[in-house]
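Colleague: Could you walk me through this one? I'd like to go over the pockets and then the aromatic rings.

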Amino acid sequence: ESFYYNILSNFSGENKTRPELNPWPDGRSSAFCISFNSEGVTGNYNVVLNFLKTENLPATFFIDSSLSEDQLKLLESVKSIKLQSELYSKKDYSEAGYSEITGEILMNEQKFGKKFTGLRFPFNSSNFWGLLYAEDKGYIYDSSIGVDHLTSYTGSVIPYNIPVSRDSYYKCLKLIEICPVKNDDVFFFQRSDNREDYTDDLQRNDAQLFEKYLLDFYEYAVVKNNGLMVYVGNPQYTGFSEITMLPLKKLCDTLKSKNCWMTTLEEVAAFRNKLKDLKVGISESGNEIKLKINLPDQLIISGLSFKLKSKPSGITATGRYDLKEINGVYYLITDAKNGDEIVID
């Protein structure tokens with residue numbers, strides 16, 4: 001990156017205030033979502049939900065046929081919780097055929113009487129036919145493929161449109177893949193399966209390891225890439241005790257002090273989908289840079305943000321705008337609509 005800026009700086013007329021589109025709204029430098037799968041008893045759910053309500057945090061639960069009526073009522077009683085589909089049965093669908101996978105998607109919708117917009121295939125797998133069918137059914141995002149940038153390069157910390165291919169057929173789907181952290185609470189708290197042997201000391205040791213992993217992931221994989229971190233847990237493990245809740249609590253406490261957008265998977269998908277329709281024309285004249293927004297009519301992107309290389313001496317705009325300095329970076333923030341013009345001096 002430094003090399004390219006050095007080359008560009010030698011060109012006549014290059015303005016170092018040239019804006020860069022920020023991936024998140026309102027000048028946020030990163031994003032964070034909490035998600036849970038269905039495993040766990042009602043007591044585990046109470047531990048998790050008490051935490052979310054106390055901390056005033058939104059979350060998305062991916063539910064399947066194992067969810068009891070009592071657990072469903074608990075989830076539906078919390079307004080900040082979104083419910084999405086983990087398909088009907090808990091199994092690996094990576095090799096499932098069209099009839100099986102579409103049946104599983106439909107049965108889960110029918111069981112809960114809901115039109116889901118988000119999907120998660122169990123065990124970090126996905127399915128060719130399932131993704132095609134989900135797109136046709138109007139699903140907006142999938143959150144199945146785990147991301148691990150500490151020990152490998154699987155997944156992505158930036159949401160992307162899913163490409164699928166099979167037998168010389170290729171398509172880039174409208175579905176957005178929003179990758180959760182690959183090493184979840186099961187990876188660190190699986191010793192809780194032997195409940196009687198899982199002492200407080202063992203829980204604290206595993207919780208410290210999990211906390212360190214989560215904070216390292218945010219620091220080294222997410223922040224430096226202006227990316228998204230999606231916590232994935234299960235009430236059975238995260239909500240095993242107040243001790244096993246600590247890694248998520250410490251992570252959230254840390255992120256509240258950062259310039260992080262703490263939101264839901266649904267809000268992330270909605271914002272990124274709006275960016276797909278955005279075009280920004282840039283023209284330069286002397287010391288001025290003019291931005292012209294091109295969007296479909298009626299579409300407004302609230303909090304659209306541009307990063308600036310330095311503080312501008314003046315800004316004029318046809319619409320509302322705000323200039324913020326956050327951690328030494330200047331952000332130009334606006335509620336963008338078609339035809340808006342912004343001139344930066």
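Colleague: How do the residues of the lining of the largest pocket divide into nonpolar, polar and charged?

Modeller: Keeping in mind that this is a predicted model, the lining of the largest pocket is made up of 9 nonpolar, 5 polar and 6 charged residues.

Colleague: And how much space lies in the largest pocket?

Modeller: The largest pocket holds about 350 Å³ of space, and of the 20 residues that line it, N37, F123, N124, D184 and V186 are the closest to its centre.

Colleague: What volume does the second largest pocket have?

Modeller: Its volume is about 290 Å³, and among the 18 residues that line the second largest pocket, those closest to the centre are S29, N226, N327, V329 and Y331.

Colleague: Which elements give two or more residues to that lining?

Modeller: Those elements are α7 (200-222), β13 (301-308) and β16 (329-336), and the lining of the second largest pocket as a whole divides into 6 nonpolar, 7 polar and 5 charged residues.

Colleague: On to the rings, then. How many aromatic pairs does the structure hold?

Modeller: It holds 18 aromatic pairs.

Colleague: Why do Y98 and W129 count as partly exposed?

Modeller: Partly exposed covers the range between the 20% limit for buried and the 50% limit for exposed, and Y98 falls there because its relative accessibility is 43%, while W129 falls there because its relative accessible area is 31%.

Colleague: Which residues form one aromatic cluster?

Modeller: The cluster consists of F36, Y45, F61, F187, F188, F189, F210, Y213, F217 and Y231.

Colleague: Last topic, I289: buried or exposed?

Modeller: I289, which lies in strand β12 (residues 288-294), counts as buried because its relative accessibility is 1%, and buried means under 20%. The C-alpha atoms of I289 and V343 are separated by 5.7 Å, although these two residues are 54 residues apart along the chain.

Technical notes. Residues are numbered from 1 along each chain as its sequence is written. This is a predicted model: local features need pLDDT of at least 70, side-chain atom pairs count only at pLDDT 80 or more; totals for chains, interfaces and linings use all residues. Side-chain values use heavy atoms; hydrogens and water are left out. Rings of Phe, Tyr and Trp (its six-membered ring) pair if their centres lie within 6.5 Å; planes under 30 degrees apart count as stacked, over 60 as edge-to-face and the rest as tilted. Buried means under 20% relative accessible area, exposed over 50%, partly exposed in between (1.4 Å probe, protein chains only). On a 1 Å grid over the protein atoms alone, a cavity is a set of points where a 1.4 Å probe fits but cannot get out, and a pocket is an open set with protein on both sides within 12 Å along at least five of seven lines; lining residues have an atom within 4 Å of a point. Grid points are joined across faces, edges and corners, and a volume is the space filled by probe spheres set on the points. Ala, Val, Leu, Ile, Met, Phe, Trp, Tyr, Cys and Pro count as nonpolar, Asp, Glu, Lys and Arg as charged, and the others, Gly among them, as polar. Helices (H or I, at least four residues) and strands (E, at least two) are DSSP runs, numbered from the N terminus.
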